[in-house]
Amino acid sequence: DRQSILLHENGKKHKENLETSLQKKRDDKLAQEKKVVDMRKALEAMNRAAGEAHVQDIDRYHGVGGLDRYYAEQQQQQQQQQQQQQQYGSSRINAVAEGTKKNEKKAWEASRKKKKRGLDNDNN
C-alpha cells in the first residue's frame with residue numbers, strides 16, 4: 001500500500017543504498033570516459049610514430065619531399081582537431097582526463113553556459 005512505499009522510500013537504509021548506487025554509476029561513467037580519452041591518446045601517439053617511420057622510409061627511398069608533405073598533413077590534422085574541440089568543447093574531455101570531479105563539474109557548467117549563450121544568440 002501507499003504508506004508502506006513511503007516508509008520504504010524515506011527510510012535511512014534505502015537512501016544510503018540509493019546514494020551508493022548513484023555514486024558508483026557516476027564513478028563508472030568517469031572511469032569509462034577516462035579510458036576512452038587514454039585510448040585515443042595512445043592511438044594518436046602510435047599513429048604519429050607510424051607516420052614518422054613511414055616518412056623516414058619515403059625519404060630514404062624517394063627524397064626529402066615526403067617529409068615536408070608529412071609535416072603539412074600533421075599541421076592540417078592538428079587544425080582540424082582544434083576546430084572540433086572548439087566546436088564541441090574540450091573542457092569536459094580535459095577534466096575527465098585529469099580525473100578530477102571538481103574540474104569536471106566546472107567544465108560541465110561552463111559547457112552548459114556556452115550552450116545557453118549559443119541558444120540565446122540564435123534567438124536574437
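## Salt bridges

A salt bridge is a side-chain nitrogen of Lys or Arg within 4 Å of a carboxyl oxygen of Asp or Glu. Across the whole structure, which is a predicted model, two salt bridges are found.

R26 pairs with E19, their closest N and O atoms lying 3.2 Å apart. R26 is partly exposed, at 40% relative accessible area, and E19 is likewise partly exposed, at 42%; here buried means under 20% relative accessible area, exposed over 50%, and partly exposed in between (1.4 Å probe, protein chains only).

The other pair joins D28 to K24, with 3.2 Å between the closest N and O atoms. Both residues belong to helix α2 (residues 12-62) and are four residues apart, about one turn of the helix. D28 is partly exposed at 42% relative accessibility, whereas K24 is exposed at 51%.

## Fold and surface

The chain has five helices and zero strands (DSSP runs, numbered from the N terminus: helices are H or I of at least four residues, strands E of at least two). Of its 124 residues, 14% count as buried. Among contacts (heavy atoms within 4.5 Å) with a separation of 6 or more, 42% link residues 24 or more positions apart.

## Confidence and conventions

Mean pLDDT (the predictor's confidence in each residue, from 0 to 100) is 80 for the chain, and 74% of residues reach 70 or more. Confidence is highest in helix α1 (residues 2-9), at a mean of 92, and lowest in helix α4 (residues 91-98), at 56. Where pLDDT is low, the predicted coordinates should not be read in detail.

Residues are numbered from 1 along each chain as its sequence is written, and side-chain values use heavy atoms, with hydrogens and water left out. In this predicted model, local features need pLDDT of at least 70 and side-chain atom pairs count only at pLDDT 80 or more, while totals for chains, interfaces and linings use all residues.
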